[in-house]
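Please read these notes with the model open beside them.

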Amino acid sequence: MISDNLPFTSPLVLAPIAGFTDYPFRLLCREQGVGMVYTELISAEALCRGNKKTFELMRLHANEFPAAVQLFGNSPERIARAAQIVCETENPPVLIDINSGCCARKVCSNRSGAALMKDPARFYDIIHQTTAAVKLPITVKIRLGFTQQTKNYMTIMERAVEAGAKAITVHGRTSDQQYSGEADWMTIEEIASNSPIPVIGNGNVTSYVQALDKLKNTSCSGIMIARGAIGNPWIFSGRTPTLIEVVATAKRHAEMMIAYYGEKGLILARKHLVKYFHHRVGSSQVRHSLVTAKTIEELFQVLNSIEQNA
Ligand SMILES: Cc1cc2nc3c(=O)[nH]c(=O)nc-3n(C[C@H](O)[C@H](O)[C@H](O)COP(=O)(O)O)c2cc1C
C-alpha cells in the first residue's frame with residue numbers, strides 16, 4: 001500500500017493524461033483494479049472563473065473511486081481557491097494533485113506545470129496555501145528539473161515535504177526532454193530513498209511485470225502508468241486478455257464514449273481504439289479501418305473482422 005493515510009487501493013495507478021483519462025477510460029482501468037485514477041490536468045484559473053467545460057472535465061462519478069483531480073496553475077491563491085471549488089462538487093476526489101511536470105509550451109510559458117520547478121518559492125507557496133485551504137491530502141507530480149542542466153529534484157522534494165504534500169509522483173525526465181529517451185529510474189530511486197513521504201515512480205512502464213519489478217527493486221511506494229495503459233487497461237491486473245476479450249473491450253469502450261460524449265464520442269474513441277491493436281500483424285491496415293469508420297455499425301464490422309481474421 002502506498003501509505004496508511006492515502007486511500008490508494010493498489011500501488012499501480014493511472015496517470016493523468018490530457019485527452020485520454022476521461023470517465024470511460026478511467027472506468028475500464030477501475031475494472032482491472034487500478035489503485036487510483038486521475039483526471040487530466042485541470043486549469044485552476046478556469047475553475048475559478050466558472051468555466052463550464054472545465055467543470056465537466058473535472059467531474060467525477062461515484063463508481064470510479066478512488067479518484068483524484070489534478071490542478072495546474074501559477075497562483076497560490078487561485079490554486080487554493082480552485083481546490084476548495086473541487087471539494088464542493090457532488091463527488092469530491094480523495095486527493096488533489098498539483099501539476100508541476102507538464103512540459104507543454106502553453107502551460108510552461110504561463111509559469112505553470114514544470115515551470116514551477118524553476119521557482120521553488122512559488123512551488124512551496126502553492127502547496128502550502130492549498131494544503132491550508134482544504135482538508136483533502138495534497139500531492140504533487142514533478143519531473144527531475146526543468147532542464148538537464150538544472151536538475152533540482154532534491155530541493156523540490158524538500159520544499160514539497162515542508163509545504164505539507166502527502167506524496168510525490170516523479171516522472172523520471174526533465175521538462176526539456178519532454179517524453180524522449182528512457183526515464184531515469186536511478187534518480188527516481190535516489191528521490192524515493194531520501195523522501196520522508198511516499199514517492200510514486202513514473203516513466204516507461206509498459207507491462208504489469210515491469211511495474212511489479214519497479215515496486216520490488218526501488219523504494220517507490222507506487223508506480224504510475226500513462227502511455228502503457230492506453231489500449232491496455234489490463235496492465236493494472238496483469239491479465240493477458242484473449243483477442244476476443246480485446247475486441248469486446250474495444251467495442252465497449254466505443255459504446256461508453258458515445259454514451260458519455262454523444263455522437264462525437266466515436267471520433268474521440270479512435271485514438272484509444274488503435275492502441276488496442278497496435279502490436280498486431282497488419283496493424284497499419286487495421287488502424288486505417290478503425291479511424292475511417294463513420295458509424296458504430298461500421299466500427300463494429302471492422303472489429304469483428306479483426307477477430308475473424310486472427
Ligand atoms: C498525451 C499526454 C498527455 C499528458 N497529460 C498529462 C497531464 O494532464 N498531467 C500530467 O501530470 N501529466 C501528463 N502527461 C504525462 C504523463 O502523466 C506521464 O508522466 C508521462 O507520459 C510518462 O509516463 P509513461 O512513460 O508511463 O507514459 C501526459 C502525457 C502524454 C503523453
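1. Strand β5 (residues 138-142) is mostly covered, with five of its five residues buried. Buried here means that 20 or more other C-beta atoms lie within 10 Å of a residue's own; exposed means 12 or fewer, partly exposed is in between, and C-beta atoms are placed from the backbone. Cover comes on both faces of β5. Ile 138, Val 140 and Ile 142 lie on one side, Thr 139 and Lys 141 on the other. Strands (E, at least two residues) and helices (H or I, at least four) are DSSP runs, numbered from the N terminus.

2. Two conventions apply throughout. This is a predicted model: local features need pLDDT of at least 70, side-chain atom pairs count only at pLDDT 80 or more, and totals for chains, interfaces and linings use all residues. Residue numbers start from 1 along each chain as its sequence is written.

3. Which strands pair with β5? Strand β4 (residues 95-100) is joined to β5 by five bridges, and the two run parallel. Ile 96 has Ile 138 as its bridge partner in β5. Strand β6 (residues 168-171) also runs parallel to β5, joined by three bridges. There, Lys 141 has Thr 169 as its bridge partner. Two strands count as paired if DSSP finds at least two bridges between them.

4. Leu 41 stands opposite Gln 70 in β3.

5. Which residues come nearest to the ligand? Of the 22 residues around it, they are Ala 15, Pro 16, Leu 41, Ala 226 and Arg 227. A residue is near if its C-beta atom, placed from the backbone, lies within 6 Å. The shell divides into ten nonpolar, nine polar and three charged residues. Ala, Val, Leu, Ile, Met, Phe, Trp, Tyr, Cys and Pro count as nonpolar, Asp, Glu, Lys and Arg as charged, and the others, Gly among them, as polar.

6. Helix α11 (residues 265-276) has twelve residues and spans 17 Å from first C-alpha to last, close to the expected 16 Å. That expectation is 1.5 Å times one less than the number of residues. Its buried residues are Leu 266, Ala 269, His 272, Leu 273, Val 274 and Tyr 276. They pack against α1 (23-31), α10 (243-261), α12 (283-292) and α13 (296-308).

7. Two loop residues on either side of β6 deserve a look. Gly 164 lies in the loop between α7 (153-163) and β6. It is partly exposed, with 16 other C-beta atoms within 10 Å. Beyond four places in sequence, Gly 164 is in contact with Ile 127, His 128, Thr 131 and Ile 138. Contact means C-beta atoms, placed from the backbone, within 7 Å. Arg 173 is in the loop between β6 and α8 (185-194). Why is Arg 173 classed as buried? Because 25 other C-beta atoms lie within 10 Å. Outside four places in sequence, its contacts are Arg 143, Leu 144, Ala 183, Asp 184 and Gly 203.

8. Please check the backbone exceptions. Most peptide bonds are trans, and most residues other than glycine have a negative phi. The bond from Phe 65 to Pro 66 is cis, with omega near 5°. Pro 66 sits in the loop between α3 (52-58) and β3. Arg 111 has a positive phi, near 60°. Gln 178, also not a glycine, has a positive phi of about 50°. Gln 178 counts as exposed, with 12 C-beta neighbours inside 10 Å.

Note on methods
Contact = placed C-beta atoms within 7 Å.
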